[in-house]
Amino acid sequence: MTAATMRRNRPSGFRISKRVLPYVLSLPALLVCIGILIPFFTSVVYSFQRYRLSQPWARQFNWGDNYISFFTDPKFWNTLEISLLYAGITVLLELLLGLGIAMLLQKRSTLNNFISIMLLMPLMTAPALAALMWKLMTNPGFGVLSYLASLIGLQDFRWASSPSTALFTVVLVDIWVYTPFIMILLLAGLRSLPTQPFEAAALDGVPRSFVFFRITLPMLTPYILTATLFRLLDSIQQFDIIYAMTQGGPGDTLTVFQVEAYLNFFQSTNVGRSAALMIILWAITYFLSNIFIKNWLRLRERARGQA
């Protein structure tokens, strides 16, 4: 039997399934999208309600009162300031450290590949577990880091238990956990850059600083923007490291958005206020992501125009 005869003898149902196949393949993505949108719109509805779990009989729409109460509450502006400060410091330091490590490991070798794999170990640790580990290491009574700090003259360093050093401590943990993420992205970007401009610069005797600022950085900018966007969106929503180490304290020193929403929901049982806070956080992340994506698209178009 020839191939043409076999194709003619195939059941007609095969042609129908072939037409349906694209819809079947897109079904998981559709289900994920629905699974995301349902909680989102539910939160939007809750954010316009006066809704406490402890007082379900008093549940009613208050429309924008939750949002107005935030904008007139100094505690909210403190939460916004801490969240942006935390995100800005962590992303900046992780970007500098990640870029520096990636530059050191740029050359392909067995040793560099081994080091890059070992540096990914903190990234494989759950952030909450990493925070608990650092909490033990910074314990003033028996922590190894407290002992090392005492050796250099920092006696009774309070780490996360003091308002003056709590931010420093959680930023240190965040850097330890997430710097490998930026490092591996920038390392992949560096190793994918074309070699011709660098070879020409080496033949002409161009200084390394000129090569870095005028050749490497401009070509690496899309990768830097991508890594910055991912980390910025993640750090501005940070919860597990901060809550595991400080529960948002001491006081309200580290009461970022996620921690404040958690406390409103589980301690105050104020579902409406917690939902409104998360919608505000979503609006901030949406605004920031749009800025980065527009810049990334503009850089891509510029690169296409120069090609």
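Helix 9 crosses helix 10 in a right-handed manner, a crossing being right-handed if the near helix is turned clockwise from the far one by less than a right angle, and left-handed if anticlockwise. The model is a predicted one, in which local features need pLDDT of at least 70 and side-chain atom pairs count only at pLDDT 80 or more, while totals for chains, interfaces and linings use all residues. Residues are numbered from 1 along each chain as its sequence is written, and side-chain values use heavy atoms, with hydrogens and water left out.

Helix 9 covers residues 196-203 and helix 10 covers residues 208-235, and the two pack at an angle of about 160 degrees with their axes 11 Å apart. Helices here are DSSP runs (H or I, at least four residues) numbered from the N terminus, and axes are lines fitted to C-alpha atoms over the stretch in contact, with angles running from 0 to 180 degrees between N-to-C directions. The two helices are therefore roughly antiparallel to each other, a term that applies to angles over 145 degrees. On the side of helix 9 the contact (heavy atoms within 4.5 Å) is made by P197, F198 and A201, and on the side of helix 10 by V211, I215 and T216. By class, this contact has 5 nonpolar residues, 1 polar residue and no charged residues, where Ala, Val, Leu, Ile, Met, Phe, Trp, Tyr, Cys and Pro count as nonpolar, Asp, Glu, Lys and Arg as charged, and the others, Gly among them, as polar.

Phi of Q247 is near 55 degrees, a positive value in a residue other than glycine.

Conventions:
Parallel < 35°, antiparallel > 145°, perpendicular 65-115°, else oblique.
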